[in-house]
Amino acid sequence: MPHPTSTTIAERIEDLYGAPLAQLEAHVDTNPRGSMLAALLGSHADLQLAERTIDFQLQRLRQLADPEREIGPYDAGHLLDCARRIAESVAVRDAHSKNTSAVLESLHRVPARPAQPPTPAPPAVPIPAPASAAARPR
């Protein structure tokens, strides 16, 4: 199940770029040069990884702390390690969320300009005809 944090960030990226996330990721894959879109998608992927890590470690912590399970000397270390990894992943998730949100707040979508009709050429100014030699006074 997607997390609200990464889902919200994904929706904001889609709104900003006007395309689904999968399409934006495909675009970045074919155009890997550094861009704001690539940075936003990279940050979003890191955010998702942190969320998956939280889920995994939380599930593992629940398994280790099951009331039916006896906790041995090695289990205590595993419990502590899971709790530490959860704390680290929460910090990573919050940092990515905060930074990505700040970047997204600073960006806004520029409406597409309608096609401008070509500017008409200014009316031609008549060029005066050269005076004939007979009409000139000497």
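Okay, so what we have here is a protein with 4 helices and 0 strands, where a helix is a DSSP run of H or I of at least four residues, a strand a run of E of at least two, and both are numbered from the N terminus. Along the sequence that reads α-α-α-α. Before I go on: this is a predicted model, with local features needing pLDDT of at least 70 and side-chain atom pairs counting only at pLDDT 80 or more, while totals for chains, interfaces and linings use all residues. Residues are numbered from 1 along each chain as its sequence is written, and side-chain values use heavy atoms, with hydrogens and water left out.

Overall, 21% of the 138 residues are buried; buried is under 20% relative accessible area, exposed is over 50%, and partly exposed is in between, using a 1.4 Å probe and protein chains only. Take the contacts between residues at least 6 apart in sequence: 66% of them join residues at least 24 apart, with contact meaning heavy atoms within 4.5 Å.

Now, helix H4, residues 73-106. Its 34 residues should span 50 Å at 1.5 Å a residue, and the end C-alpha atoms are 51 Å apart, so that agrees. The expected span, by the way, is 1.5 Å times one less than the number of residues.

Which helices do the buried residues of H4 pack against? They go against H1 (4-17) and H3 (36-64). The buried set in H4 includes Asp75, Leu79, Cys82 and Ile86.

Let's look at the H3 pairing. H3 and H4 pack at about 155°, and their axes are 8 Å apart; the axes are lines fitted to C-alpha atoms over the stretch in contact, and angles run from 0 to 180 degrees between N-to-C directions. That makes H3 roughly antiparallel to H4, the label for angles over 145, with under 35 being roughly parallel, 65 to 115 roughly perpendicular and the rest oblique. The residues of this contact split into 15 nonpolar, 8 polar and 6 charged. In that count, Ala, Val, Leu, Ile, Met, Phe, Trp, Tyr, Cys and Pro are nonpolar, Asp, Glu, Lys and Arg are charged, and the others, Gly among them, are polar.

Two residues of H4 to zoom in on. Ser89 sits in H4 and counts as buried because its relative accessibility is 9%. Leaving out residues up to four places away in sequence, Ser89 touches Ala50, Thr53 and Ile54.
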